[in-house]
Amino acid sequence: MFFRNRFVLLLALAALLAFVSLSLQFFHLIPVSAAKNGVTSKNRKRIMPDPVTEPPVMDPVYEALLYCNIPRVAKRSMEGHAPHHFKLVSVHVFIQHGDRYPLYVIPKTKHPEIDCSLVANRKPYHPKLEAFVSHMSKGSGTSFESPLHSLPLYPSHQLCEMGELTQTGIVQHLQNGQLLRDIYLKKHKLLPSDWSTKQLHLETTGKSRTLQSGLALLYGFLPDFDWKKIYFRHQPSALFCSGNCYCPLRNQYLEKEQRRQYLLRLKNTQLERTYEEMARIVDTSTKQLRAANPIDAMLCLFCHNVSFPCTRNGCVNMEHFKVIKRHQIEDERERQEKKLYLGYALLGAHPILNQTVGSMRRAAEGRKEELFALSSAHDVTLAPILSALGLTEARFPRFAARLIFELWRDREKPGEHSVRVLYDSVDVTFHTSFCLDHHKRSPKPMCPLENFVRFVQRDMFVALGSGSTNYYDACHREGS
């Protein structure tokens, strides 16, 4: 009887609590999320990871691990998210190449012994790795724009060459391609089953690591694609500026930015002591060590879990790495604060953003060309674009980073087109300069295409404060 009465009492208490909760919600004393236009209003995911999951203070090792971007099980991504009445029209993907062997080595030390051949039973592994190698071996003689036709289609050296893509880099982009395939092809049917060469726009710089990264992503996106339908265009400049690369004022901004970097380094006495200590260990001058950009080789060793070099004078160690990496992070922070880089970024990113806008406008008019565009590039390509877009919270592009522009058509209002911008799976549309806080004025979870067009054709020049109204005049304006 005691237990029965206790059960009845608990049941009555639960009913009372439920009644109180519903009453509070009814009188709006407890906030309840409301759906607008089929989209649940939630706090929008930020560019930066949640502070709860991040170290409470800046941690150079944590930042380095993020940069390595070691392949893991795919996380939830925000690409392709839209209300049901929106139709995906086109997608423009910009990627940083995958993990690579260093471009420099620490003076008087042995080259890191890293295998760049692709081996199925070695980590990191991808289920399509063997098929990728097999398919690439069939692509010899493919007609790409010169000089791309002379580059290897996949890495194969057992001892990596300088700057060569690694197996990790291939796997990173196979994963990227497979994720985009699941979203854009399987879910949104972006390309028809009989897609043609004209519906793809593929471009890369003349480095094997960018061509191979692009091919890996493309294979994940379109497995066993027909080589006859694939054509990569060559971009001579890492800025992807095509025929609009001559820009004197952009170079002036870059010189000012480099001067800022130099002055910051001079002020960092701990960094200088670290360089001196490392130079003593490897028995070289501090100047020669600094010129060799040791963080490049150290990051490669760190990402591949290989020990830093030792000599009879001692070992380069994790404390040295932390000091140099911490300075990189501080430099990035000051770069955003001083705004000197912004002028360079606006002029550096304008040609490729203008190309993107032109392609989007043609797609919005109903043209069925360039439905999927892929630009396989470098960190020095993505960084100016991110800065020009106003994404000041975005981290410096990591290995296999991806920046995506999606164009959508509203089926309920066929004349209206909208844009979404995503950086490494995160929707950053409402962090961009051209759509900042737009969601506070509109229930749509994306930005009007007109905002993006106006930004590229007018507002980027306004931000320069030059009075110029076009790219040529802005580039050739006297002074700065």
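How many residues does helix α4 have, and how far does α4 reach from its first C-alpha to its last? In this predicted model, helix α4 spans residues 167–187, has 21 residues and reaches 29 Å between its end C-alpha atoms, close to the 30 Å expected at 1.5 Å a residue.

Helix α4 has a kink of about 35°, centred on Arg181. Of the 21 residues of α4, 15 are buried, and the helix is thus described as mostly covered. Its N-terminal end is capped by Thr166, from which a side-chain oxygen lies 3.3 Å from the backbone nitrogen of Thr168. After α4 comes Lys189, with a positive phi near 50°.

Helix α11, residues 340–364, has 25 residues. From its first C-alpha to its last, α11 reaches 35 Å, close to the 36 Å expected at 1.5 Å a residue. A bend of about 45° occurs in α11 at His350, and the proline Pro351 follows within four residues. Gly366 follows α11 and has a positive phi, near 105°.

Which residues cover each face of β4? On one side are Leu200, Leu202 and Thr204, and on the other are His201 and Glu203; all are buried.

Strand β4 is joined to strand β8 (residues 372–377) by 5 bridges, and these two strands run parallel. Within this pairing, Ala373 of β8 stands opposite His201. Strand β4 is also joined to strand β5 (residues 232–234), here by 3 bridges and again in parallel. Glu203 has Arg233 as its bridge partner in β5. Together with helix α5 (residues 208–221), β4 and β5 make a right-handed β-α-β unit.

**Salt bridges**

Side chains of opposite charge can pair when their charged atoms come close. The count for this model comes to 21 salt bridges, taking a side-chain nitrogen of Lys or Arg within 4 Å of a carboxyl oxygen of Asp or Glu. Three of them are listed below.

| Salt bridge | N to O distance |
|---|---|
| Arg395 and Glu63 | 2.8 Å |
| Arg260 and Glu334 | 2.7 Å |
| Asp459 and Arg458 | 2.8 Å |

The side chains of Arg395 and Glu63 meet in a salt bridge of 2.8 Å. This pair links distant parts of the chain, 332 residues apart: Arg395 belongs to the loop between α12 (379–388) and β9 (402–410), whereas Glu63 belongs to helix α2 (residues 60–68). Is Glu63 buried or exposed? Its relative accessibility is 17%, so Glu63 counts as buried, the cut-off being under 20%.

Arg260 forms a salt bridge with Glu334, with the closest N and O atoms 2.7 Å apart. Arg260 lies in helix α6 (residues 248–267) and Glu334 in helix α10 (residues 318–338), so this pair ties together parts that are 74 residues apart in sequence. Arg260 counts as buried at 5% relative accessibility, and Glu334 is buried at 12%.

In the salt bridge between Asp459 and Arg458, the N to O distance is 2.8 Å. Asp459 is partly exposed, with a relative accessible area of 23%, and Arg458 counts as partly exposed at 47%. Elsewhere, salt bridges that share partners join Glu257, Arg260, Asp331, Glu334 and Lys338 into one network. The Arg260 and Glu334 pair described above therefore has both its members in this network.

**Two further buried residues**

Asn451 is found in helix α13 (residues 449–464). Its relative accessible area is 12%, so Asn451 is buried. A polar atom of the Asn451 side chain lies 3.1 Å from the backbone oxygen of Phe434.

Pro112 is placed in the loop between β3 (86–96) and α3 (129–137). Pro112 is buried as well, with a relative accessible area of 9%. Along the chain, Pro112 and Pro102 are 10 residues apart, and their C-alpha atoms are separated by 8.9 Å.

Definitions and conventions. Residues numbered from 1 in each chain as written. Predicted model: local features only at pLDDT ≥ 70, side-chain atom pairs only at ≥ 80, totals over all residues. Heavy atoms only, no water. Buried < 20%, exposed > 50% of the residue type's maximum accessible area, 1.4 Å probe, protein only. Pairing = 2+ DSSP bridges. Right-handed = clockwise from strand over helix to strand, strands pointing away. Expected span 1.5 Å × (residues − 1). Bend = angle between axes of the 7 residues up to and from the residue. Polar contact = N/O pair within 3.5 Å; in protein donor to acceptor, adjacent residues only side chain to side chain.
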